[in-house]
Amino acid sequence: YEQTTASGPLSLRVTNVAVGGAGQAIIADGVRWLADADLSVTSTPVAETTDIAVSTSTTEDRDVVIVPMEDGRIYALDAVGNVATGAAPTVYWTYPSDNPATDPNNALNQDGRSTELPTGFNGSSGLIETVGGNAIFYIASENGRIYALDVEGRGDGTTERIWSWPNDYDPTNPVAARQAPQPGQASSVTFGSFNGTPALYVLTGSGWFYVLDAAGTPANRTT
């Protein structure tokens, strides 16, 4: 890889760090550039009393606040916290996971390690609605995609993507073509109905207005 800048070219060399092969050049399937995380919050947090998986075997009715952060992660927190100590609240789940190495969403029947993840929200605020008996968190990311996440979570600190739009990774057909993100960030989504069906109303940065099926098709993570 090489990129020319005002001060000259930048180059990237991927090398082995394992014992016995340290320093040897290797072939990488892909490279992700990282920068300092933006831990600011510009999207309005959403509070709700809803079912939350407090463990992998127990679900309870809890006061929850969902906080989208500008590093692209979304946190579901205990809204009450520990009043006696003032300690940080319990984090029920994070999407994407804070620990990618153990994230169940890496599985091919989930996000397959290739779903385009949120990059930030830039003031776009989410909402929680119950659709088909399940509480779902909806939000638009500045990467041009809309995300629908399971609010209950798995009870292990993670939750799953019910769908994203434009259509992305399909676990039932991993090699299927994917739709490109909308140019420009969508504004905050609005929930309503369309012909009696739960729907999301989305105004995109390109100026087009879309009405999406709020339930989607969870089997292939599309709507």
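Arg145 and Asp168 are both buried, where buried means under 20% relative accessible area, exposed means over 50% and partly exposed lies in between, with a 1.4 Å probe and protein chains only. The model is a predicted one, in which local features need pLDDT of at least 70 and side-chain atom pairs count only at pLDDT 80 or more, while totals for chains, interfaces and linings use all residues. Residues are numbered from 1 along each chain as its sequence is written, and side-chain values use heavy atoms, with hydrogens and water left out.

Arg145 and Asp168 form a salt bridge whose closest N and O atoms are 3.8 Å apart, the term standing for a side-chain nitrogen of Lys or Arg within 4 Å of a carboxyl oxygen of Asp or Glu. Because Arg145 lies in the loop between S8 and S9 and Asp168 in the loop between strand S10 (161–165) and S11, this pair ties together parts that are 23 residues apart in sequence. Strands here are DSSP runs (E, at least two residues), as helices are (H or I, at least four), and both are numbered from the N terminus.

Arg145, with a relative accessible area of 3%, also meets Glu116 in a salt bridge of 2.9 Å, N to O. Since Glu116 lies in the loop between strand S6 (91–95) and strand S7 (127–131), and Arg145 in the loop between strand S8 (134–140) and strand S9 (146–150), the pair ties together parts that are 29 residues apart in sequence. Glu116 itself is partly exposed, at 28% relative accessible area.

Turning to the strands, the protein has zero helices and 13 strands, and 39% of its 223 residues count as buried. Strand S11 (residues 190–194) and strand S12 (residues 197–203) run antiparallel and are joined by five bridges, two strands being paired if DSSP finds at least two bridges between them. Phe191 has Leu200 in S12 as its bridge partner, and Leu200 stands opposite Leu212 in S13. S12 and S13 pair in the antiparallel sense over five bridges. In the hairpin of S11 and S12, which has two residues between the strands, Asn195 takes a positive phi near 55°.
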